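Subject: Two-chain model for you to look at

Hi there,

Here is the structure I promised to send over. Have a look at it first, and then read my notes below.

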Amino acid sequence: MTPLPPGPELQRMGGQALVEVLDTLLSSPATEVQRVSEAVEAANGLDLLATVALIGKGVSGAVRLRIPEAFARHAAGVLLGAGGTGPHTQDPLGDLTGELGNMVAGRVASALGRSGHPCSLGLPEVVRSPPVEGAPGGTPWSCLGYVIRIDVCCHHRPT
Amino acid sequence: MTPTILSIDDSTTIRSVLARLFRPFECELCEAANGEEGLAVAALKRPDLILLDYNMPVMDGIAMLRRLREDPVLKRTPVIMLTAESGFENMATVARLGVRDYITKPFRDEQLLAKVGRIVPLVPRAGTGTSIGPTLPPT
């Protein structure tokens, strides 16, 4: 059985995917952050967390994308113009976050496929939560002054 | 004649992005949130092009495409697949189902417009701007 990429390589795939998605969608660069102060995270209010399952033969995992609500609002403004939200949903920011997670996960799935572990995606699930105190999971990235976290986990499962 | 484009995606964000993208052009844009709705709208509107998401609840893009190809009226409708998943196996499957083109999400506006323009002519509203398409009326 082809070994899965190690943890740091999975996080690198996630970071690369995030950078590409944000560059294409928002024309905004994202840079990896070495250390985030709690004050910065708290100032951003509620977070939206999108989880997208990775489903493959003998392999399963997930991509988790955590973004501040304020960043989601900004992204909606860029993508949808003034007014910033679609007309047909009760939770436009949740929908946008789910779609961002979907796009990032799609690129991670493609990278896993190239490493011998093709995966398909589950449907995104989105929840809201206060910023996680202490050391939340995932690699922090900075985009437009906001802290975004991406976490990729993947493991062999019994067949 | 004004072309009709049907966008089928469970994400309201994507459907809103597409609505914004096509608003400057002379075309009718219809929407559906999953494959099942998409088949119903397609039967009603007979679109000139379908922009179809791959991964959706209720009925996903592949299942919808299979049903579309079985419909004697709709089976030749051109389809462009919009997908976050660009793995080889997925692309081989959609190619076998006769998808005209595919585009990976996220996409740049000009990239999608160019692909759409190869299938249906995109004429700017009020005669301003640049037409996109294989056979273009004078602007």
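A helix axis here is a line fitted to C-alpha atoms over the stretch in contact, and angles run from 0 to 180 degrees between N-to-C directions. The helices (H or I, at least four residues) and strands (E, at least two) are DSSP runs, numbered from the N terminus.

Some housekeeping: this is a predicted model, in which local features need pLDDT of at least 70 and side-chain atom pairs count only at pLDDT 80 or more, while totals for chains, interfaces and linings use all residues. Residues are numbered from 1 along each chain as its sequence is written, chains are lettered from A and ligands numbered from 1 in the order in which they are written, and side-chain values use heavy atoms, with hydrogens and water left out.

Within chain A, helix H1(A) packs against H3(A) (residues 69-80) at an angle of about 45°, the axes being 10 Å apart. Angles under 35 degrees count as roughly parallel, over 145 as roughly antiparallel, 65 to 115 as roughly perpendicular and the rest as oblique, and the two helices are therefore oblique to each other. Leu22(A), Leu25(A) and Leu26(A) of H1(A) meet Phe71(A), Ala75(A), Val78(A) and Leu79(A) of H3(A), where contact means heavy atoms within 4.5 Å. That contact has seven nonpolar residues, no polar and no charged ones. For these classes, Ala, Val, Leu, Ile, Met, Phe, Trp, Tyr, Cys and Pro count as nonpolar, Asp, Glu, Lys and Arg as charged, and the others, Gly among them, as polar.

Now to the interface. 23 residues of chain B are in contact with 26 residues of chain A. Together the chains bury about 1900 Å², 54% of it on carbon and sulfur atoms; buried area is the accessible area (1.4 Å probe) that two parts lose on being put together, summed over both. Thr13(B), Pro106(B) and Arg108(B) supply 29% of the area that chain B buries against chain A, more than any other three residues.

One helix pair crosses between the chains: the axes of H4(A) (residues 92-114) and H1(B) (residues 12-22) come within 8 Å and cross at roughly 95°, so these helices are roughly perpendicular to each other. Pro92(A), Asp95(A), Leu96(A), Glu99(A) and Met103(A) make the contact from H4(A), with Thr12(B), Thr13(B) and Ile14(B) from H1(B).

Which charged pairs link the chains? The rule finds two salt bridges across the interface, each a side-chain nitrogen of Lys or Arg within 4 Å of a carboxyl oxygen of Asp or Glu. Glu99(A) pairs with Lys105(B), the closest N and O atoms being 3.0 Å apart. Asp23(A) pairs with Arg108(B) (3.3 Å, N to O). This second pair runs from H1(A) (residues 7-26) to the loop between strand E5 (101-104) and helix H5 (109-117) of chain B.

Two backbone details in chain B deserve a look. A cis peptide bond joins Lys105(B) and Pro106(B), with omega about 0°, and Pro106(B) is in the loop between E5 and H5. Arg46(B) has a phi near 50°, a positive value in a residue other than glycine; Arg46(B) lies in the loop between helix H2 (35-45) and strand E3 (49-53).

Best wishes
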